[in-house]
Amino acid sequence: MEFFLKHITWFLCIMVLLPVLCTSQDAFVSSRATYYGSPDCYGTPTGACGFGEYGRKINDGQVTAVSRLWRNGTGCGACYQVRCKVPQHCSSDGVTAVVTDYGEGDRTDFIFSARAYAKLATNPASSAVLFASGVVEIEYRRIPCKFSGYNIVFKVHEHSKYPHYLAIVIQNVAGINDITAVEVWQEDCQQWRPMRRAYGAVWDLPTPPMGSLSLRFQVSGSAEVKWVQANKVIPADWKAGAAYQSDIQLT
C-alpha cells in the first residue's frame, strides 16, 4: 500500500508540474519594440556585443539591440521570436531576431534593424504602417538559435595584439545557450587560465600562452551547465581579425 501511494503521489506531482513547466518555457512576454536606421537596413558592425561584421549580417541582418535582456553581455547572440499586436498588420509568426547590440528606447525591450522590424508585418503596405508608427506593442519569447551546418567559430578580435594580448568572440552558438565563462589552457603550468569578459561577447587575456591554444567555455543552457572544450583550436601564429573554426556544434 505504501509503495502504491508513493507512486500515485509522484504521478500527481508530474501531472501538476508538467503543464507549468511547458507553459513557462513557451510563454510570450508583452513589451514594446522600435527600430534603428542604417543605409542598407542591416545591423551595425559596431554593436556593443563586439561581433563586428558578423553582427551586421548574421541571420540575414535580422538583428536587434536590447537593454533588459542584455544581462551584462551574456544575452549577446540569444535568439527571440517577436510578434507585434496589431492584427490587421502583424504576421502570426513575427520575426526571429539575434541580439547583437545594447540599446535603450521608450519602454522598449527591442530596437530592431530595419530588416528585422519589417518582418513583423504581413506585407509591404503593413510594413509601411509599422514604420510610420515608430513603436509597436509586441510579445516575445526566447527560442533556440539555429546555425544549421555551421560549427562554433573562435574569432580573434581586431583589437588583439600578437603575442601580448588576445581577445576572442565565440560565434554560431546554437540552441538556448549562454556562454558564462571562457578559459585557456596553460601548458607549462598545467592549469586553466580564466579569460575576462571585456564587454559584450568579447573575452580577453593579457600575456596569453605561447603555442597553439586550447580553450574551454562554460555553457549555461535550458537543461544544464557544462564545460565544452576545443583542443588547439587557435594556432600558434594567430592573427588579429582571423576566425578559426572548431569541430563543435551546440544544440
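I started with Cys79, which is buried (under 20% relative accessible area, with exposed meaning over 50% and partly exposed in between, for a 1.4 Å probe and protein chains only), at a relative accessible area of 4%. This is a predicted model, in which local features need pLDDT of at least 70, side-chain atom pairs count only at pLDDT 80 or more, and totals for chains, interfaces and linings use all residues. Residues are numbered from 1 along each chain as its sequence is written, and side-chain values use heavy atoms, leaving out hydrogens and water.

**Cys79 and its partner**

Next I looked up what Cys79 is bonded to, and found a disulfide to Cys145, with 2.0 Å from S to S. For a disulfide I took a pair of cysteine sulfur atoms within 2.5 Å. This link is right-handed, with 115 degrees about the S-S bond. Cys79 sits in strand 3 and Cys145 in the loop between strand 6 (136–143) and strand 7 (153–156), so the bond ties together parts 66 residues apart in sequence. Strands here are DSSP runs of E with at least two residues, helices are runs of H or I with at least four, and both are numbered from the N terminus. I checked Cys145 too: it is buried, with a relative accessible area of 4%.

**Cys49 and Cys76**

I then turned to Cys49 and Cys76, whose sulfur atoms are 2.1 Å apart in a disulfide. This pair links distant parts of the chain, 27 residues apart. I found Cys49 in the loop between strand 1 (29–36) and helix 2 (53–57), and Cys76 in the loop between strand 2 (63–66) and strand 3 (79–84). The torsion about their S-S bond is about -95 degrees, so I noted this disulfide as left-handed. Cys49 is buried at a relative accessible area of 0%, and Cys76 is buried at 13%.

**Cys84 and Cys90**

My next entry is the disulfide from Cys84 to Cys90, at 1.9 Å from S to S. Its torsion is about -120 degrees, so it is left-handed. Both Cys84 and Cys90 are buried.

**The tally**

How many disulfides does the structure hold? I wrote down three. With the bonded cysteines of the protein chain numbered in sequence order, I get the pairing 1-2, 3-6, 4-5.

**Two further cysteines**

Cys41 counts as partly exposed, at 33% relative accessibility.
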